[in-house]
Amino acid sequence: MAKTDNGTRHVLLLSFVFLIGILVRLFFFTGHIFSDDAYYTYLSQTLVSRDILHDYLGYPVFPLRLGFIGLTAFSMMIFGVTEFATIFFPFLFSILNIFLTYKLAELFTAKKEIALMSALLIAFFPTDVIFASIGFPDLINIFFINLGIYLLFKSYVENKKLLSFLGGLSLFLSMQFKETIYYVLILMIAMIIYFFIKNRRINFQLAVGLIFIFLNYLIEGFVYLLLHNDFFYRITTTNLNYQYSFYDFFPYTAQKLSGSRNYLRNLFDQIFLINIKSVFLRRFYLFLPLVTMVQTYFSLRDKKNSLLLFWLWGMAILLIAFTTSFSEYKPLDLARSWYIYPLLMPMIILSAIFINRFSKLIKTGLIAIYIIGSLIMCFEYQIFFNTENLNSLKTFLRHNPAKTIYTDHYTKYSVDLIRDYNADSKKISGKNFNFSQIANSDWILFNKKHIEELQMQKYTLPDFSILNSNQYRKVASFNDFIFYEKLN
């Protein structure tokens with residue numbers, strides 16, 4: 001009877017964690033942020049309209065992320081081409097991620113208390129809370145990777161080979177969302193070599209996972225060979241993406257820090273002053289990476305959690321210092337806080353193990369501090385993404401559906417989405433754009449930061465100083481977004 005009561009209590013607590021996880025994500029609903037989600041939205045809309053890539057201007061690598069584009073397009077077919085449709089699946093997978101975290105922690109530790117603690121930590125983790133309602137592929141990409149790891153390990157523990165094929169399929173699917181699988185591939189190769197040396201045989205589960213990953217490369221390569229006459233089209237496109245947005249990659253990212261053009265200085269700054277700091281000394285992560293460092297010491301001392309430690313530190317080293325380019329050494333810039341996702345699962349589980357070391361009273365205090373800190377960081381994220389201002393901008397756009405709006409193509413993608421593709425907007429492009437074609441009372445939406453970024457991407461745009469002349473008047477402004485009306 002006592003075991004039954006404890007089991008019921010555990011289920012109720014887990015259900016409560018799910019419920020509070022959903023509620024906190026709804027409370028901090030973010031929506032479209034006029035960023036990379038604009039490009040994904042436009043690509044998904046062109047898929048819905050069966051005119052994929054029509055007049056697409058944007059990052060070359062984004063069209064390769066067909067999994068995310070396809071899911072978003074499917075959502076648009078169900079809910080309409082709306083802002084809600086673009087965040088339906090990120091929200092859904094964020095909730096599923098709470099359950100997956102519970103199952104992974106239970107599998108790795110065999111302790112339901114740690115599994116429940118892990119679920120609670122991920123339910124309130126600020127990055128996951130906020131990105132549950134932003135149309136980025138990172139969350140779903142890592143979900144499929146973590147699901148693949150779960151199924152492969154469960155197959156090994158329970159000797160159920162069918163699960164390994166499902167795990168391999170999950171890794172296969174992840175590759176259509178983002179390129180993070182490269183890091184996992186390296187870790188899996190290292191593990192299969194280790195087990196071969198130790199046991200003198202190939203680990204079946206790891207072999208299946210690797211086969212599915214390489215199978216994706218083969219299938220994808222042959223498709224690209226037929227479509228583009230280039231088996232390595234993904235690599236070619238990735239290199240084009242480096243050129244397109246060079247300012248987001250090493251060494252430019254490190255040069256912004258020091259102003260130096262010395263390669264070794266830039267490399268040191270990127271790895272030690274940007275990347276390591278971004279992972280271990282970041283308030284948005286509530287310093288959980290530092291907690292895992294402490295737990296690492298205890299785990300090594302007690303000779304426990306070796307797979308979790310390998311997963312965490314192997315991925316951390318690769319994220320911080322491994323190259324993102326095959327042609328030259330380019331460490332990934334980790335300044336963007338959502339790049340924590342590949343480290344999130346082992347970090348959460350190890351943090352739960354650490355918290356579970358303490359007495360009930362201390363655990364309660366630590367969880368209370370964590371939840372308060374999480375909520376504060378969620379509000380900080382909303383400030384970072386300028387959520388209040390963007391919500392006002394969206395309301396303004398929806399209240400003016402009949403207005404013809406001229407703007408750059410990047411901003412236009414967002415304007416069209418917010419007005420559900422039912423209103424008229426036109427693209428401003430080319431150095432010799434003729435402002436006289438803009439009719440009286442039409443609007444121009446100008447964002448200086450967007451224009452400057454597009455110019456770095458080598459787009460030519462006209463001189464917008466004309467907006468300060470007596471031909472135009474300012475209608476409204478939402479921080480960097482300024483509306484001008486044509487007068488004569």
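Modeller: Start with contacts: a contact means heavy atoms within 4.5 Å. In this chain, among contacts between residues at least 6 apart in sequence, 70% join residues at least 24 apart. The model is predicted: local features need pLDDT of at least 70, side-chain atom pairs count only at pLDDT 80 or more, and totals for chains, interfaces and linings use all residues. Residues are numbered from 1 along each chain as its sequence is written, and side-chain values use heavy atoms, with hydrogens and water left out.

Colleague: What percentage of the 488 residues counts as buried?

Modeller: Buried means under 20% relative accessible area, exposed over 50%, partly exposed in between (1.4 Å probe, protein chains only). Here 56% of the 488 residues are buried.

Colleague: How many salt bridges does a search of the whole structure find?

Modeller: A salt bridge puts a side-chain nitrogen of Lys or Arg within 4 Å of a carboxyl oxygen of Asp or Glu. The search finds 21. One of them pairs Glu-83 with Arg-398, at 2.6 Å from N to O. Glu-83 sits in helix H4 (residues 83-109) and Arg-398 in helix H18 (residues 387-398), so the pair ties together parts 315 residues apart in sequence. Helices are DSSP runs (H or I, at least four residues), numbered from the N terminus.

Colleague: Is Glu-83 buried or exposed?

Modeller: Glu-83 is buried, at 9% relative accessibility. Arg-398 is partly exposed, at 38%.

Colleague: Which residue forms a salt bridge with Lys-154?

Modeller: Glu-158, with the closest N and O atoms 2.6 Å apart. Both lie in helix H7 (residues 138-158), 4 residues apart, about one turn of the helix. Salt bridges that share partners also join Arg-65, Glu-179, Glu-220 and Arg-234 into one network.

Terms used:
Helix = DSSP H or I, 4+ residues; strand = E, 2+ residues; numbered from the N terminus.
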